[in-house]
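Colleague: I have the model open and would like to go through it with you. Could you begin with the terms?

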Amino acid sequence: DVALILFPLSLTTTPSLLVEHPQPALVIAFATEQGRWRMAGINNRLIWADDTGFAPLRLEIKKDVVVVHQARLSDISENTLDYSYTYRFRYDQPADRFFLIGEDNENTHRDAVADGVRVSDNYLTGQRVVSLMHAAHGKYVRETNRSRSIERRTISLENAEGQDIDFDKLRDEFSSRESTHGRKP
């Protein structure tokens, strides 16, 4: 079995950097007894790429779960915000499909110049953990976590797409809650 990322190539055989090219695609295939491959799922909305380039990507299969991790690093010197996304897919044999079982979205500042936020959703248990990563002296030194219930969801690989998370709003929620409880972030 194999998980692949397919992306368009330019004439110089480097990943295309032009918006008009199709997005990279995540493809999962199973080996057949005849030595061929059978496509088990495809998604061309999940892998991040635009006219600034193809963000660093790690793809692995761990304990029957396909894990896709991508970091979107700012290349603008004034912008120190970095984002990373991790998606976890598990195969459901009766449905003969891969389903999104969880995802992590993280917003950090290069050199930890300000607090970072991580959102971890588990669609099997219906739990979301929001973590505020506290910055001090150029490092993230501790975390404050809050858990809440979310809707259990069944999202196939073909229909999965990244969430639009308002990290600033989450950061503000932590700050206002901590100031009401007399604590400093």
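Modeller: A polar contact is a pair of N or O atoms within 3.5 Å; within protein, one must be able to donate a hydrogen and the other to accept it, and residues adjacent in sequence count only if both atoms are side-chain atoms. This is a predicted model, in which local features need pLDDT of at least 70 and side-chain atom pairs count only at pLDDT 80 or more, while totals for chains, interfaces and linings use all residues. Residues are numbered from 1 along each chain as its sequence is written, and side-chain values use heavy atoms, with hydrogens and water left out.

Colleague: Which side chain has a polar contact of 3.3 Å with Glu158?

Modeller: That of Arg97. Glu158 also touches Ala40, Gly41, Ile42, Asn43 and Arg45, leaving aside residues up to four places away in sequence; contact here means heavy atoms within 4.5 Å.

Colleague: Where is Glu158 found?

Modeller: Glu158 sits in the loop between β13 (155-156) and α1 (167-180). Helices (H or I, at least four residues) and strands (E, at least two) are DSSP runs, numbered from the N terminus.

Colleague: Buried, or partly exposed?

Modeller: Glu158 is partly exposed, at a relative accessible area of 25%. Buried means under 20%, exposed over 50%, and partly exposed in between, with a 1.4 Å probe and protein chains only.

Colleague: Which residues touch the most other members of the largest nonpolar core?

Modeller: They are Ile28, Val66, Phe89, Phe98 and Leu100, in a core of 19 residues. Such a core is a set of buried Ala, Val, Leu, Ile, Met, Phe, Trp, Tyr and Cys residues joined through side-chain atoms within 4.5 Å. Two or more core residues come from each of β1 (2-6), β2 (25-31), β7 (65-73), β8 (81-92) and β9 (97-109). Another core, of eight residues, lies apart from it and includes Leu132 and Phe174.

Colleague: And what does Phe98 touch?

Modeller: Among its contacts beyond four places in sequence are Ile28, Val66, Phe89 and Leu157.

Colleague: How many bridges join β2 to β3?

Modeller: Six, and the two strands run antiparallel, with β3 covering residues 37-43. Strands pair if DSSP finds at least two bridges between them. Leu26 has Asn43 as its bridge partner in β3. Five residues separate the strands of this hairpin, where Gly35 takes a positive phi near 80°.
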